[in-house]
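Colleague: Can you take me through this one? I would like to hear about a residue and then the pockets.

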Amino acid sequence: MYDLPEFKEQNPALVLQFMREHPFAMVIGATTGGLPVATQIPVLIEERDGQLFFSGHMMRKTDHHLAFEENPQVLFVFSGAHSYVSASWYSNPSMGSTWNYQSVQARGRMTFLNDAGLVDVMRRTSLHFEEGNATSPTVYDNLPADYTGRMLKAIVGFEVLVEDLQHVFKLSQNRDQESYRNIIGKLEQRGADAQEVAQKMRGREQNLFPDL
């Protein structure tokens, strides 16, 4: 991971908030033979006794399921909006252009759950993403029994205790005030991702330049 101190968020709660705002994580592993595997999975993020846990489910007998059965080491990547930043927007444009983005990487060991654990994950996950609406027809307990019976045979639940958490929030913190403001203005004229990056930068401007 791109690891420079100026691109680190000092408030751990904001890193956790970012992950919860972008829960559709890239899940990466490898077989014992070194073959890489990856898939994207919605992840339920929970804190218990000061530790961070991920849980979710995946299809059985896929390449990633089989790989994690062999080798439980797993990397989760949470990504948000990102955008090209042209050096022509800097007060001194005589340097390379770059990219602004936010990303979190979390490592741990994947543990597959028994049938009861899978049902519990499906209950908690469906209720969470339905924003606590227990009357929604798509939360686990409201689904037809014949449907859940078939579904549970095709998927497997997992849990991961996060052992290492790293992040980079690269939002032009290393630029001067004139460049920073100009980057925001240019990004606001571009597409949705660029505009979201600009909004994130505006939210940090006062802390970066307290004399504003």
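Modeller: Ala38 counts as partly exposed because its relative accessibility is 42%; buried means under 20% relative accessible area, exposed over 50%, and partly exposed in between (1.4 Å probe, protein chains only). This is a predicted model, where local features need pLDDT of at least 70, side-chain atom pairs count only at pLDDT 80 or more, and totals for chains, interfaces and linings use all residues. Residues are numbered from 1 along each chain as its sequence is written, and side-chain values use heavy atoms, with hydrogens and water left out.

Colleague: Which residues is Ala38 in contact with, leaving aside neighbours within four places in sequence?

Modeller: Met26, Val27 and Ile28. Contact means heavy atoms within 4.5 Å.

Colleague: And how far apart are Ala38 and Ile28, C-alpha to C-alpha?

Modeller: They are 4.4 Å apart in space and 10 residues apart in sequence.

Colleague: New topic. What volume does the largest pocket have?

Modeller: About 380 Å³. Among its 16 lining residues, Glu9, Leu14, Gln102, Phe169 and Arg204 are the closest to its centre.

Colleague: What counts as a pocket, and as lining?

Modeller: On a 1 Å grid over the protein atoms alone, a pocket is an open set of points where a 1.4 Å probe fits, with protein on both sides within 12 Å along at least five of seven lines; lining residues have an atom within 4 Å of a point.

Colleague: How many residues does α6 give to that lining?

Modeller: α6 gives the most, with 5 residues.

Methods:
Points joined across faces, edges and corners; volume = space filled by probe spheres on them. Helix = DSSP H or I, 4+ residues; strand = E, 2+ residues; numbered from the N terminus.
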